[in-house]
Amino acid sequence: AEASLSIRPGEFVSLVGPSGCGKTTLLNMVAGLIAVNDGSISVGGQAPRMGRPDVSYMFASDCLLPWRTALHNAAFGMELRGVEREERLIRASQLLKEAGLEGFEEAYASQLSKGMRQRVALARTFGLP
């Protein structure tokens, strides 16, 4: 199947289709997690690769670290990127507030509903780059 897609900065796009049609595969290729077998993908004029500081990717599973609080899970990506502790915790706290999780900063994943866990993961994703 042939596909062509251009997304401008600031646009939000949804991929919709039946199970097994390749939505996740396409996203994994854009994120550089798997190789492109046929055709080409360009992200900001460059081939996709893992670890790009200008690309964030949120998995369907929340992938929270169970020994970390919501605040420290939300700050985790920034920590990996070397953001100073105070700055990343302030930013993570603000992102959790924006996600409707103010007051849950010290909760662990096991204390959060599935939807709340997803919002922590979203806050972590928005904390990057």
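Which residues lie nearest the centre of the second largest pocket? They are Ser56, Tyr57, Phe59, Arg81 and Leu128, out of 20 lining residues. This is a predicted model: local features need pLDDT of at least 70, side-chain atom pairs count only at pLDDT 80 or more, and totals for chains, interfaces and linings use all residues. Residues are numbered from 1 along each chain as its sequence is written, and side-chain values use heavy atoms, without hydrogens or water.

**Second largest pocket**
- A pocket is an open set of points on a 1 Å grid over the protein atoms alone, where a 1.4 Å probe fits, with protein on both sides within 12 Å along at least five of seven lines; lining residues have an atom within 4 Å of a point.
- This one holds about 520 Å³ of space.
- Helix 3 (76-80) and helix 5 each give two or more residues to its lining.
- Helix 3 gives the most, with three residues.
- Helices are DSSP runs (H or I, at least four residues), numbered from the N terminus.

**Largest pocket**
- Its volume is about 2,100 Å³, meaning the space filled by probe spheres set on the grid points, which are joined across faces, edges and corners.
- Its lining has 50 residues, with Leu5, Ile7, Leu15, Leu27 and Val30 nearest the centre.
- Helix 1 supplies the largest share of that lining, eight residues.

**Cys63**
- Cys63 sits in the loop between helix 1 (23-30) and helix 2 (70-74).
- Its phi is near 55 degrees, a positive value in a residue other than glycine.
- Most residues other than glycine have a negative phi.
- Cys63 is partly exposed, at 43% relative accessible area (between 20% and 50%, with a 1.4 Å probe and protein chains only).
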